[in-house]
Structures are given as C-alpha cells and as structure tokens.
Protein chains: 2
Amino acid sequence: MPKIVDHDARREEIAQALWRVVRRDGIRAASVRTIAAEAGWSAGAVRYYFPDQDGLLSFAMELVSRRVGDRITALTARGGAKGSPTVVVLRYLEEALPLDAERKAEFDVWLAFMAQAQAESGAGTLHDTVETVHNGLRELCAELVNALAEAGALRDGLDLRLEVERLHALIDGLALHAAIQPNHTTATRLRRLLRLHIDSLLSEKPLQTKDFSSTERQVRRKPD
Amino acid sequence: MPKIVDHDARREEIAQALWRVVRRDGIRAASVRTIAAEAGWSAGAVRYYFPDQDGLLSFAMELVSRRVGDRITALTARGGAKGSPTVVVLRYLEEALPLDAERKAEFDVWLAFMAQAQAESGAGTLHDTVETVHNGLRELCAELVNALAEAGALRDGLDLRLEVERLHALIDGLALHAAIQPNHTTATRLRRLLRLHIDSLLSEKPLQTKDFSSTERQVRRKPD
C-alpha cells in the first residue's frame, strides 16, 4: 500500500521551517539545502514543494501574502478595529507595514521577490505573483478609502481613485524607507506619517465615532 | 616608459558601455564579460574598474546617481524651472521618477542595487551607497519643501520635517509602482498623483508666480 502523505500538513511544516530561516538569516540564506536542514528533511523531499530558487521565492511570497491576509481577516473577524476613522484605518494598514521583526522579514521577502521578478524577461510567473500581491494591497487601500467616504469622513472634492493610488504608493514608499534606514524611518515615525496622511484626507467637521465603527465593518478582505 | 592611461576617460568609456547594456538588456545582464564585449575591452581591463558583481553594481549605482544629479544641476543652471510652485517642484521631482525608458533603467539599477544591499549582513559597502543615494533624494525633497515654505506657498500648520518625509516616501512608492505595473502606474498617472500631492500642501490663497520663481532659484543640489 502506498504511503499516504498529508501534503497540507507537510506544506505547513516546510513553510514554518522556511520562515524560521528567513527570520533568523534573511531570505537570501534560504535555499533548498538550508530549509531541508531546518526541517530535518532530505533535500529531495523539500524539492517536491519548490524545485528551485524561483520556486522557493514564490513559496515564500505566497506564505507572506497569506500571513498578511490572515491577520486582516482575523482583525475583521474580531469586529474590526475600534475608534476614530484614523485609528481604524491605521490599524488595518499597520498589518502591511514593517513595524516589527516579523513584518520586516515579510517585507524583505517581498523586496527580494520583486527584484527577482524584475529580472524576468517579459511577463513571467514571478511577475504574476508580484502583481497579485500588489493588487491585494491596493484593494485594501480602496476598501479603507471607500469606508471613509461612506462614513462621510472625507474632505469634499477628493478624487477617490487617485487617493487610493496615493495612499498605496505612500505605504510602499514608507515600507521601503523603513527597510533602507530603520534607524531613521522608525516604527514610531511610520505611524506618525501614516496618521498625518489619513488626517489630511478627513473633513474638519467632527464625526461621531460610532458612525464610522458601523461602516468600518464593511471592510472585508479576502485572504490572498 | 610606462603607458599612460587616462583613467577618467576610460572610466567614462566603461560607464557608457555599461549603460548601453543596462538599457538594452537590463541590469541583470550586466557582467564583467558582457560589458567587456560591449566596450571591446578585455575582461581584465574591465576588472580594473569593478573586480566583481558587487563592484559592478556599485559602479552602476554611482553612474545613476551622477546622471540624476547632473540633470538637476543642469536644470538649476538654466535658471530653474519656470511657472507656478507646483510646476516648478514637479519639474525637479520628475528627474527622479521613472517617466521614460532612461529613467526607468535608472530605477531598475537602484532596485537591483537595493535588493542586493539588503542581502549584505550588517552595514556593508553597498548599503552605504544606498544610504547616500537615499539621503540625496531626501535632500532634494527638503530643498523643494523649504523653497515652497519660504515663498509663503504652503498651508498653515504643516510640520515641514514630516512633509519632507511624506513627499520622499510618496516618490519612492510611485517609482516602485511604475516598475511593478507600468501599464497601470503610467507616466501620466505619476505626474497627476505628484501634482495632486503638491497641490494638497499649498495654501489656497493665490500666489504671485514671480514670488516663487525668485525663491526657487535657491533650490540648488550638489551632484552626488
């Protein structure tokens, strides 16, 4: 009788081994060999899940994407963040910013993945994954901006589509700056800049917090 | 008598060969071998200027930095840009955005360089260069924001230091988005978003264009 392998459980196990390597030594240290050693598997068994370095990077990127998606789903499942519109929006966006070692490791994976995807000629597989992740964050920005609009919290005359793009670009730029100069673009500064930006979009008339809390429950994000 | 080599001229020649390779085939195609072939030199002669792949990336990054710096210096030397504060500021910032094939190739070099620098453990040489380039763009943002402030063009109550950071992050985020999805984040959209952002910083009272034009001449940037 053939051996029955629970691929989901093994995939989860290899994902955890990969993440320990990335957290400890960085994404560049992740190879079929180092991950096999970490998991206590043979290199051959690891190659079932990712045959080469591009496959490994894709696996890592999907893992990061799932981690961010799961946190946002969990946040929404708990009834969403509570507080003023700015606080609620910040709470969601913080899940995508490198504010601690875990999220910094996630961003490093994304950066390595993107640089590798840029090296692909034409529209390769890596580039498709980059676009999926990129569109996921844009979608989150769109849902948050729309929730603010529906709550009547935004200034008059904003072009919502452009504001989604601006917020999205700002978040990626801030994440990049935190990666380049962690001692300058600290977690505190990231939060301050993001708060400043959200505040600049809001109308100056005071808003009932509960108005926004109810609208905010519309913010749902499918895990990637 | 030893052969006299004009290293500046040879360095310029190799820089031009490197740039032709990058423009045509991307930074990943650049190697000691491909650049030697392009320049019609021996690999040994090229290795004098960059012994290995990290050295090549550093050389390319310095070249990009010089190109951007030279354009900004030339713009200022021509008396700066003319027009409303927004137009003038945009004109400078556009030199750092991937709005055409030349500037897109520059950004690709920067991205590859940064991903490579992130892979260095601790504070390596590549990382120092990343910080120098990063600080150069921040400095340009600071000079532009300060010029707007001195011309009395800004809204009241802005925290200038934070606004410099926000502008800087937005520019890098936009550049990243143009690299990831050139068909979505087009040159037209980049310009619109940047204009929207600058406009959002300006006071609503109309400003004499000539007031700003004179202040704007204070915008000077040292070449990197």
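A polar contact is a pair of N or O atoms within 3.5 Å, where within protein one must be able to donate a hydrogen and the other to accept it, and residues adjacent in sequence count only if both atoms are side-chain atoms. In this predicted model, 18 residue pairs, both at pLDDT 80 or more, are in polar contact between chain A and chain B. The model scores ipTM 0.84 and pTM 0.84.

**Extent of the interface**
- Chain A and chain B each give 42 residues to the contact, which is counted for heavy atoms within 4.5 Å.
- About 3,700 Å² is buried between chain A and chain B, with 60% given by carbon and sulfur atoms; this is the accessible area (1.4 Å probe) that two parts lose on being put together, summed over both.

**Salt bridges**
- Four salt bridges are counted between chain A and chain B, each a side-chain nitrogen of Lys or Arg within 4 Å of a carboxyl oxygen of Asp or Glu.
- One salt bridge joins the side chains of Arg189(A) and Glu165(B), at 3.7 Å from N to O.

**Confidence**
- The mean pLDDT (the predictor's confidence in each residue, from 0 to 100) of chain A is 84, and 87% of its residues reach 70 or more.
- Residues 213-224 of chain A have pLDDT below 50, although this stretch has 35 contacts in the model beyond near neighbours in sequence.
- Where pLDDT is low, the predicted coordinates should not be read in detail.

**Conventions**
- Residues are numbered from 1 along each chain as its sequence is written, and chains are lettered from A in the order in which they are written.
- Local features need pLDDT of at least 70 and side-chain atom pairs count only at pLDDT 80 or more, while totals for chains, interfaces and linings use all residues, and side-chain values use heavy atoms, with hydrogens and water left out.
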